[in-house]
Amino acid sequence: MCGIVGYIGTKEAYPILIKGLKRLEYRGYDSAGVALINDNGQLSVYKTKGKVSDLETFVTRKDISGNIGIAHTRWATHGEPCSVNAHPHYSSSERLALIHNGIIENYALLKEKLQAKGFTFRSNTDTEVLVQLIEYIQVNHRTSLLTAVQLALREVIGAYAIAVIDREDPDVIIAARKSSPLVVGIGEGEFFLASDATPIVEYTDRVIYLDDGEIAVIRRGGALRVVNLNNVECPHEVQRVAMDLGQLEKGGYPHFMLKEIFDQPACITDCMRGRINVEGTNVVLSAVIDYKERLLAANRFIIVACGTSWHAALIGKHLIETFCRIPVEVEYASEFRYCNPVIGSNDVVIAISQSGETADTLAAVELAKTRGAFIYGICNVIGSSIPRATHTGSYIHVGPEIGVASTKAFTGQVTVLTMLALTLAREKHTIDKDQYLSIVGELQKIPDKMREVLQLNDRIAQLAKIFTYAHNFIYLGRGYSYPVALEGALKLKEISYIHAEGYPAAEMKHGPIALVDTEMPVVVIATQNGLYEKVMSNIQEIKARKGKVIALVTRGDTAISRIADTCLELPEMPECLEPLIATLPLQLLAYHIAVCKGMDVDQPRNLAKSVTVE
Ligand code: AGP
């Protein structure tokens, strides 16, 4: 939520900041702003409601010179999206400008205290309270900006990544982090600051990831200092980041989401690279091998995640229970942290998160750690907070995911969970050799089978036109396909704003079937696997009520094509791997319906890619 960028050096800051904001726009896009100090020491703040492109229009013919600046793209928490509430926020005298990602939970109390001293506020944000407080301390305690930030942050309860500049000291940016990510890029005589490495990688590959409670003092021409709130120096490690810049561009596709759907065969190849041997007979997840005693000694696994990652977790439960015979519970991370979970040192908690920054998932990890559980992370963004908080884990290696609706991360997560289950099952001797070899062999074929499925794209684009005006959708599946149904429904909701629900197919008759009429499209995953006959009966029940059935079937199926309105054929696949291909047509269906409706596919309303607030 909210993207932060900063620059200090010898170049013009504005173009770097705007390009950075565009890279981070997936984090929030209801308003955007920039603060710059020019060579005459003037601090200017320009901000507007809307996207980064609106900000560019807004600054036309304004003074955007200066080689120090900070910029922000917002996902509103406190105060509606409008230019007044947009960041950066000035301090009272307009000496300071500050940007913030997170929530100051005790802002109302701090605001009251400042109001009692005569302060007035322009915006409804928690952020303005912080910048006013910093200036108040700076002036009244006659302190440096750094000390004022340290003292102010000691009074703050909540989450923050902030950057602040001071027109009285135009050679420094002070940045601080608690529970919201912040990365500092180190160039030649210049520094960059951002919520993640994507705005930084084209200038430098040397970064440091700030830890909670740390403050970076980024001074032009000086060495980077990192201190804590008590001004104690914090040792920091410079890390190298590698990122293919092409992954940050649309590469000829009209939307990132479509590109990322089509990237999946290559992404899954990357995900499996070095983890399956060339003969295709063995899967090794090194983290599983390194910690196999700990994992095999577990009473049970608990998987915590949110949204799409939670759907991947449901598939992970099936895989681990089936192949490893270890009981698995799947919890919404947001609920887990508040339900006083019964959890102890014999439990293993698997945290799944594309961004590695989801506040609820991170908090669940911290809670489980305090109870002595062993924590395994499955994340995409390298160096993000969750992998750094876990004992071990596996990256999914699918590259940056920019579209807000998660696609390739889901299949990457499911691929890693499959490899985890297979590695552990072999170590535990709970899978027979032939079955193991057969599944490993089939897993390797997934990228090719995905390519086959993606050929349905044109057909799905046509189909989408029929359903553009639907108000509701139902998605049904059983076993491994039930989470796929949930994921299909979530994709449609997120980007087309059509109400959609996913159900286990057999649950239909316990209530949801009352919704079925001639207007109700029902997407059914009805491939020839374990419960095929039963799913066919469920389709009959829907057709008897005149619902419109779109069925995903196994290639060559004739029985379902006789009763369903539309069939989309998938290649044959063992049931446990089917989510890896069955999800793709549902991603495409959601995408094309949203495009037909003229929706902003990559940046749907009200959403943000990385949910770093509760
Ligand atoms: C997916 O399309 C969503 N945008 C959302 O549900 C997402 O999966 C969820 O917020 C969890 O994010 P994470 O994987 O980065 O933790």
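Is Asp211 buried, partly exposed or exposed? I looked up its relative accessibility: at 38%, Asp211 counts as partly exposed. I keep in mind that this is a predicted model.

**Entry: the Asp211 pair**

I checked the partner of Asp211 next. Arg388 forms a salt bridge with Asp211, and their closest N and O atoms are 2.6 Å apart. I then placed both residues. Arg388 sits in helix α13, residues 385-389. Asp211 sits in the loop between β11 (206-209) and β12 (214-219). The pair therefore ties together parts that are 177 residues apart in sequence. I also noted the accessibility of Arg388, which is partly exposed at 32%.

**Entry: other salt bridges**

How many salt bridges does the structure hold? I got 31. I wrote down a few of them.

I looked at Glu128 and Arg122. Their side chains meet in a salt bridge, at 3.8 Å from N to O. The cut-off for a salt bridge is 4 Å. I compared the accessibility classes of the two partners. Glu128 counts as buried, at 1% relative accessibility. Arg122 has a relative accessible area of 45% and is partly exposed.

I then took Glu168 and Arg167. These two form a salt bridge, with the closest N and O atoms 3.3 Å apart. Arg167 is partly exposed, with a relative accessible area of 30%.

Which residues do shared partners join into one network? I listed Lys19, Arg23, Glu202 and Glu249.

**Entry: cysteines**

I wanted to know what keeps Cys267 out of a bond. The closest cysteine sulfur to that of Cys267 belongs to Cys271, and the distance is 8.9 Å. That is too far for a bond, because a disulfide needs the two sulfur atoms within 2.5 Å. Cys267 counts as buried, at 5%.

I repeated the search from Cys306. Cys306 is in no disulfide either. Its nearest cysteine sulfur is that of Cys379, 12 Å away. Cys306 counts as partly exposed, with 22% relative accessibility. I noted that the limit for buried is under 20%.

**Entry: recap**

I marked the Arg388 and Asp211 pair for its 177 residues of sequence separation.

Definitions and conventions:
Residues numbered from 1 in each chain as written. Predicted model: local features only at pLDDT ≥ 70, side-chain atom pairs only at ≥ 80, totals over all residues. Heavy atoms only, no water. Buried < 20%, exposed > 50% of the residue type's maximum accessible area, 1.4 Å probe, protein only. Helix = DSSP H or I, 4+ residues; strand = E, 2+ residues; numbered from the N terminus.
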